[in-house]
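I wanted to get my bearings in a structure I had never opened before.

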Amino acid sequence: MTPTTHSANAIRFLLNGEPVTVDNADPTQSVLYYLRENQRLTGTKEGCAVGECGACTVIMNGNAVNSCLILASQANNAIIETVENLEQDDVLSKLQEAFVEEGAIQCGFCTPGMLMSAKALLDKIEHPTEEQIKEALEGNLCRCTGYIPILNAVKKAAE
Ligand code: FES
Ligand code: FES
């Protein structure tokens, strides 16, 4: 079998548990761009593209990050999780269930980012305080202003 060869400027990372190699990657492009345009994972949203809204939040190496601000070169050898990884075998995660049950989704544009910020928190702190939840979500804007149900949903998932 011929070994697969990749370009010198290939970027490799683990995406939702699967190894990914992007050949001829433009190191100045954002991770958000490669997730949506190269990997076709469009669950991660582009809102402001300048780090202000949190719609593009993914978990990278255990931390919630704005993927619009992370350069592709910074993702080399990283472990990245996107919202697509929350549902497993057609079953919603406890966090997603809580969002549905609490009515925390209106237009849904902010939801993937909210979910990933909340997941990064719950991965670190199983039972966070309300203050810790608010702090974790402070970089995520909801243009439908449904903040209370979102807060309640994260509290419920943490119960
Ligand atoms: S799209 Fe990245 S923070 Fe708004
Ligand atoms: S539900 Fe519409 S932006 Fe948050």
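Below are my entries on the sheet, the helices and one lysine.

**Ground rules.** I am looking at a predicted model, where local features need pLDDT of at least 70 and side-chain atom pairs count only at pLDDT 80 or more, while totals for chains, interfaces and linings use all residues. Residues are numbered from 1 along each chain as its sequence is written, chains are lettered from A and ligands numbered from 1 in the order written, and side-chain values use heavy atoms, with hydrogens and water left out.

**The sheet.** I looked up the strand order first. Five strands form an open, mixed sheet, in the order β2-β1-β5-β3-β4. Strands here are DSSP runs of E with at least two residues, helices are runs of H or I with at least four, and both are numbered from the N terminus. Two strands pair if DSSP finds at least two bridges between them. β2 (18-22) and β4 (63-66) are at the edges with a single partner strand each, so one side of each has no neighbour in the sheet. From one strand to the next, the twist averages 40 degrees; angles run from 0 to 180 degrees between N-to-C directions, with axes fitted to C-alpha atoms, for helices over the stretch in contact.

**Two pairings.** I checked β1 (residues 11-15) against β5 (residues 79-81): they pair in the parallel sense over two bridges, and Leu 14 faces Ile 79 in β5. β3 and β4 are antiparallel, over four bridges, with Thr 57 opposite Asn 66 in β4. Their hairpin has two residues between the strands, and Asn 61 takes a positive phi near 50 degrees there.

**The helices.** I found helix α3 (residues 111-124) lying across β3 (57-60), β4 and β5, at about 30 degrees to β3. Helix α2 (residues 94-101) packs against α3 at about 130 degrees, with the axes 10 Å apart. That makes α2 oblique to α3, since under 35 degrees counts as roughly parallel, over 145 as roughly antiparallel, 65 to 115 as roughly perpendicular and the rest as oblique. From α2, Leu 95, Gln 96 and Phe 99 meet a set of α3 residues including Met 114, Leu 115 and Lys 119; contact means heavy atoms within 4.5 Å.

**One lysine.** What does Lys 119 touch, leaving out residues up to four places away in sequence? I get Ile 59, Glu 81, Leu 86 and Leu 95. Lys 119 sits in helix α3.
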